[in-house]
Amino acid sequence: MLYTPEHHALMDSMRRFIEAEIEPHTEEWEDAGIFPAHELFRKLGQAGFLGVGRPEEYGGSGLDYSYGIAAAEAWGRVSSQGVSMGIIVQTDMATPALARHGSDALRREFLAPAISGEAVVCLGVSETGAGSDVASLKTRARKDGGDYVIDGSKMWITNATQADWMCLLANTSDGAPHRNKSLIIVPLRERGRLRPGIEMHKIRKMGNCASDTAQVFFDGVRVPLHHCIGEEGQGFVYQMEQFQEERLAAAARRLGSEHLIAGVADYLRQRIAFGKPLLDNQYIQFKLAELKTEIEALRGLIHMAAERYISGEDVVELASMAKLKAGRLAREVADWCVQFYGGMGYTWDNPAARAFRDSRLGSIGGGADEIMLSIIAKKMGLTSPRAARA
């Protein structure tokens, strides 16, 4: 997939937005442990950045998925990865299934405000005992009249403390684990306050500090049955589809590591040691060249996966490879940049130090490296029939 002038125009517009509306505030948001999602998302919505690739009738651009990848890559320029992660949750994690499978009524009520930025959203899949093993989640939504009654909890929920609604994966029957789950839109607030039966405990993390993350508890929370996205019992399938967009977007966002390389190179040009710039050291030059080569290889993998996704092919294997490679490469780039900054790289506010903390999540969230490897091995035919059934 080669970006056209239109792709580059979108990315340039986003870069200008980032420089004007995000970067001047990142230090403040990092210190506060939260960014003002409603305020920022309204601006993003007005600029058209929350509906790239979404249907025009709900406020989106109607562009193909390649523009979504370009947008995700552009968000990689944000120095505070907690902010870009919050945006990606809105665009590529909590809304793809609604956009693809939701009823017109649901999309008008919930997707359109998410695209305009009037609503902040989150995704509720992981639990304390069910992270990568999605099939084992325990949260239940039982039917009672015309409602679901939801009991359980969700863990590691990005945007939770500000979100207006959650795309929740819950058990809606006692059937087989892969056929008893549904995705349900759950409004979290009424008149600005948490609805009765909902509690949240904010989680302090080692990185992505500007992102608000919480454990969310549900105790007898009612939502109408028509809040189910698509067919009841198809939630696991829909979520696996949703994971593909999430993982490709997450990988594309990691391409922003190239800006970290450019930053440390500029620093090393100015840093004189033993009578010459540190960047004159051939070992440093070669290592930075090697890292940049790895980033370009990752870009090629992401673009190939996106092209095939647009054409309707199964990209589970390629998306898993991209997610695996991106998480590991972002960590490697950040680690080497910390090293090359020297003592300055070990200070809290150094960009490489922040990236070092933030990038560690890339090999855990959205499917751990080990899960990506197991998916790839299964696609390669390396697992036994018994393991594949499991």
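Figure 1. Helix H4 (residues 65-75) has eleven of its eleven residues buried, so H4 is largely enclosed by the rest of the structure. Buried means under 20% relative accessible area, with exposed over 50% and partly exposed in between, for a 1.4 Å probe and protein chains only. Helices (H or I, at least four residues) and strands (E, at least two) are DSSP runs, numbered from the N terminus. The buried residues of H4 are Tyr 65, Ser 66, Tyr 67, Gly 68, Ile 69, Ala 70, Ala 71, Ala 72, Glu 73, Ala 74 and Trp 75. Their cover includes helix H1 (5-22), helix H3 (37-47), H5, H8, H9 and H10, where a contact means heavy atoms within 4.5 Å. The model is predicted: local features need pLDDT of at least 70, side-chain atom pairs count only at pLDDT 80 or more, and totals for chains, interfaces and linings use all residues. Residues are numbered from 1 along each chain as its sequence is written, and side-chain values use heavy atoms, with hydrogens and water left out.

**Figure 2. Glu 258 in helix H9.** Glu 258 lies in helix H9 and counts as buried at 18% relative accessibility. Leaving aside neighbours within four places in sequence, Glu 258 is in contact with Glu 73, Lys 292, Ile 295, Glu 296 and Arg 299.

**Figure 3. Packing of helices H10 and H11.** The axes of helix H10 (residues 282-310) and H11 come within 10 Å and cross at roughly 160°. Axes are lines fitted to C-alpha atoms, for helices over the stretch in contact, and angles run from 0 to 180 degrees between N-to-C directions. H10 and H11 are therefore roughly antiparallel to each other; angles under 35 degrees count as roughly parallel, over 145 as roughly antiparallel, 65 to 115 as roughly perpendicular and the rest as oblique. Their crossing is left-handed, a term for a near helix turned anticlockwise from the far one by less than a right angle, with clockwise giving right-handed. The contact of H10 with H11 comprises 18 nonpolar, no polar and five charged residues. Ala, Val, Leu, Ile, Met, Phe, Trp, Tyr, Cys and Pro count as nonpolar, Asp, Glu, Lys and Arg as charged, and the others, Gly among them, as polar.

**Figure 4. Helix H12 against helix H11.** Helix H11 (residues 316-341) and helix H12 (residues 351-359) pack at an angle of about 150°, and their axes are 8 Å apart. That makes H11 roughly antiparallel to H12. H11 passes H12 in a left-handed crossing. On the H11 side the contact is made by Gly 327, Ala 330, Arg 331, Ala 334, Asp 335, Cys 337, Val 338 and Tyr 341, and on the H12 side by Pro 351, Ala 352, Ala 353, Ala 355, Phe 356 and Ser 359. By class, this contact has ten nonpolar, two polar and two charged residues. Seven of the nine residues of H12 are buried, so H12 is largely enclosed by the rest of the structure. These buried residues are Ala 352, Ala 353, Arg 354, Ala 355, Arg 357, Asp 358 and Ser 359. Helix H2 (26-32), helix H5 (81-93), helix H9 (257-270) and H11 are among the elements that cover them.

**Figure 5. Helix H13 and the residue Gly 381.** In helix H13 (residues 369-379), the buried residues are Asp 369, Met 372, Ile 375, Ile 376 and Ala 377. Their cover includes helix H8 (235-253) and H11. Just after H13, Gly 381 takes a positive phi of about 80°.

**Figure 6. The largest nonpolar core and the contacts of Phe 218.** A nonpolar core is a set of buried Ala, Val, Leu, Ile, Met, Phe, Trp, Tyr and Cys residues joined through side-chain atoms within 4.5 Å. Of the 115 residues in the largest such core, Ile 22, Trp 75 and Phe 218 touch the most other members. H11 gives the largest share of this core, eleven residues. Not counting residues up to four places away in sequence, Phe 218 touches Ile 150, Asp 151, Gly 152, Lys 154, Met 166, Leu 168, Val 186, Leu 188, Gly 197 and Ile 198.

Figure 7. Lys 154 is placed in strand S3 and counts as buried at 0% relative accessibility. The C-alpha atoms of Lys 154 and Gly 124 are separated by 5.8 Å, although the two are 30 residues apart along the chain. Trp 156 is also in strand S3 (residues 147-158), and its phi is near 65°, a positive value in a residue other than glycine. Asn 208, in the loop between strand S8 (198-202) and strand S9 (213-224), has a positive phi near 50°. Asn 208 is buried, with a relative accessible area of 3%. Most residues other than glycine have a negative phi.
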